Every structure is written in C-alpha cells, then in structure tokens.
Amino acid sequence: MFVVTGASGLLGANLVRALLAEGRAVRALVHRDRRALEGLPVEIVPGDVRDPASLRRAFAGAEMVYHLAASISLEMGNWAELEAVNVQGTRNVVAACLNCGVGRLVHFSSIHALQQTPLDQPLDETRPPADSPSLPPYDRSKAAADKEVRAGLARGLDAVIIYPTAMLGPYDYKPSFLGEAVRLLARGWIPALVEGGFDWVDARDVAAGALAAARLAPRGAAYLLSGHWHSVREVAEMVAQVTGRPVPPLTAPAWLAAAAAPVTAALARLAGRQPFFTRATLLALNSNRSVCSARAEKELGYRARPFADTVADTIAWFQLAGMLPEKRLR
C-alpha cells in the first residue's frame, strides 16, 4: 500500500495518477477537498496531519508514504498555522511512520527551505536551511520540517527528501497560486506584471522524479527537482501564445511593486482573492536564478520538459475542467 498525504493538491493529484499508472494500490489521506480524486480507484481516509491518530490509521500496513500535505503561505505573519501544519504535522508523520513500520517516507520539502544566497552561485541540495528570522515564515517552516525528517532518520526511519521548485500542471482543482495566476492571465484579468522570475517546473515531472527517488535513492538522500528559470513576462508570453490574449503591457520594477505590495494585498483580500504580490512573493521572484538538479538527473534519470508545454497543457486542462472558457482566441 502506497499512502499519499496532501493527495488532493496539485502535486498530490499528479502523484496519485502516476502511482496508479504503475499499478500501485493507493491510499489517500484527505483533509477536506476530494475533487482531484473523484472517479479514481483509491482508498480515501479522512485525516489531518495535526491528528496523530488519523495518521496511524492511514499508515497501517503502508509500504511507502509520500508526505505532501502542507500549508502554503505568501504572507509574512502567520507562523502559528505554518508551525502547526508544516512542522508539527511533519513531526507527527515521522512518528506515525516509525510506529507503523513504514518501509520508506518520501518527504516533499520546497526550494524555499534552502538558503537562496549567495545568488551568484548555483543552488543545490547542499545549501544550508532557510532558518533566518528575516525570511518568510513559509520558508522557515519548511526548513524546520526537514529537520524533523532528519531527526526521524536518526531514530531509524528510512526517508528521502525532495525539493521541488514552483509547480504548475493539470489537475489543479483548488487552484494553486501559480495555476490561478495563469488562469487570470488567460482571461486577461491581470493588468500589469512585475520584474523578476523563478524556476518553474511541471508537477508531472516532479511526480516522476519522486517515484524514481522512492525506488532508487539511498536512505537519507535529498534531491532538488527543478525546471527552467523564466521571467514573469516570459510566462505571460507563453500564456499569450496559447490563448491569443495580449500580454499585460506594463511591468512594474521591483522597488515599485514592493512599495505597492501592502495596498495591492489588502485590495486582493477585500475581493476575496489570495494576493499575488506580497513581500514574500517579491523576495521569491528575485531569488537565485541558477537552480541545479544535476544530482537528480544523474542518479534518478530526472528530466524537466519545456515550461511552455506545461503552460499549454495546464490551460487545456483548465478549459476541460470548466475553469476557463473553452473557446480560444487564436
């Protein structure tokens, strides 16, 4: 039995489908939203990583646990929730794996759990943890979660850590932060862009890399699964190539976006939307451009497809799911 926490999110939905394609029996730990799993031959177990009893029920008889469940935040002041879900939740997952005799834990961390500086040197798995108090709470929470996994290794747990970059892909029901940005760009609802960019990767490629790590990685190994660095404007141009929508004409410099961030974030909240441009996202968009997945490529055969293909596939899926108008403008 292969168990997936966070199975209803973007990466979880793609990982579950990849496991099913391999003929695996899958048990999904689901907190609330089940849309990404509807119609799939999976065993669904209601639970919460903050509830150790639900984890023990979910992990009973498990050969492998993929731990994806996390609270993702673009804010600078919500440490309590991040600590409860990302840190204490991972501590609970590690304890449940040890108590239930799980064969291997594949823990999904984040590129944000690693220090970005120095920016003029490639970033790989050997970077120190992002534990500085000046960093966004999400970054620090993911670094602290990694520490819980390593404490489990010291207690005899067989575990591997995965560091994906920013993900996009199909089956993004919620949708994710980047998925919503692409969806709004496809509808022409983002009036201006910001300077900067990031390393973007297809969730399907991350899922494939994680399956390879589960099979091939030595105990305690860590792998950075990256894609390709593109500026925000380049991503908007990829969306325009698919939809025919014009690229937003304005690109705000980083200093202006930073100055306006409190106002734009407040307006987004009033509109009931997650703010796109916060201090945390602007820090991310001006982080390390040289992210290295050489270890995963060498040891796991990992490869990342062109991001333009990911953008096109994601928009097509949004249309199929009724989350975008079906008619393209081209």
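These are my notebook entries on a predicted model of a protein.

**Ground rules**

I number residues from 1 along each chain as its sequence is written, and my side-chain values use heavy atoms, with hydrogens and water left out.

**Overall form**

I looked up the secondary structure and found 11 helices and 12 strands. Helices here are DSSP runs of H or I with at least four residues, strands are runs of E with at least two, and both are numbered from the N terminus.

I then took the radius of gyration, which is 19 Å, close to the 20 Å that the globule rule gives for 330 residues, so the protein is as compact as a globular protein of that length. The radius is taken over C-alpha atoms, and the rule is 2.2 Å times the number of residues to the power 0.38. The C-alpha trace spans about 55 × 45 × 40 Å along its principal axes.

I noted that buried residues make up 53% of the 330. Buried means under 20% relative accessible area, exposed over 50%, and partly exposed in between, with a 1.4 Å probe and protein chains only. The protein exposes about 14,300 Å², of which carbon and sulfur atoms supply 55%; the areas come from the Shrake-Rupley method with a 1.4 Å probe, and for residues only the protein chains shown count as cover.

Among contacts between residues at least 6 apart in sequence, 75% join residues at least 24 apart. Contact means heavy atoms within 4.5 Å.

**Cores**

I looked for nonpolar cores, meaning sets of buried Ala, Val, Leu, Ile, Met, Phe, Trp, Tyr and Cys residues joined through side-chain atoms within 4.5 Å. In soluble globular proteins, nonpolar side chains tend to be buried together.

The largest core has 59 residues, and F59, V65, C97, L105, W200 and F307 touch the most other members. Helix 7 (residues 232-243) gives this core its largest share, six residues. Another core, of 37 residues, lies apart from it and includes Y66, A210, L225 and A296.

I listed the partners of F59, leaving aside neighbours within four places in sequence: V3, T5, R27, V65, V93, A96, C97, C100 and V102.

How many of the 10 residues of helix 5 are buried? I count nine, and the helix is mostly covered. The buried ones include E180 and R183. Their cover includes strand 7, strand 8 (192-194), strand 9 (197-202), helix 7 and helix 11 (307-320). Just after helix 5, G188 takes a positive phi of about 75°.

The loop between strand 7 (166-168) and helix 5 (177-186) holds Y173. I find Y173 partly exposed, with a relative accessible area of 23%. Outside four places in sequence, Y173 is in contact with R35, A36, W317 and M323. Its C-alpha atom is separated by 21 Å from that of A210, 37 residues apart along the chain.

Y171 lies in the loop between strand 7 and helix 5 and is partly exposed at 27% relative accessibility. Its phi is near 65°, a positive value in a residue other than glycine. P175 is in the loop between strand 7 and helix 5, and the peptide bond from K174 to P175 is cis, with omega near -20°.

I also noted a cis peptide bond that joins T117 and P118, with omega about 0°. P118 sits in the loop between strand 5 (104-108) and helix 4 (137-154). For reference, most residues other than glycine have a negative phi, and most peptide bonds are trans.

**Two serines**

Is S226 buried or exposed? S226 is buried, at 2% relative accessible area, and lies in the loop between strand 10 (222-225) and strand 11 (228-231). Its side chain makes a polar contact with the side chain of S293 at 3.3 Å. A polar contact is a pair of N or O atoms within 3.5 Å; within protein, one must be able to donate a hydrogen and the other to accept it, and residues adjacent in sequence count only if both atoms are side-chain atoms. Not counting residues up to four places away, S226 touches T165, D199, V201, V291, C292, S293, Y302 and A304.

S231 lies in strand 11 and counts as buried at 17%. Beyond four places in sequence, S231 is in contact with G196 and G197.

How values were computed
Predicted model: local features only at pLDDT ≥ 70, side-chain atom pairs only at ≥ 80, totals over all residues.
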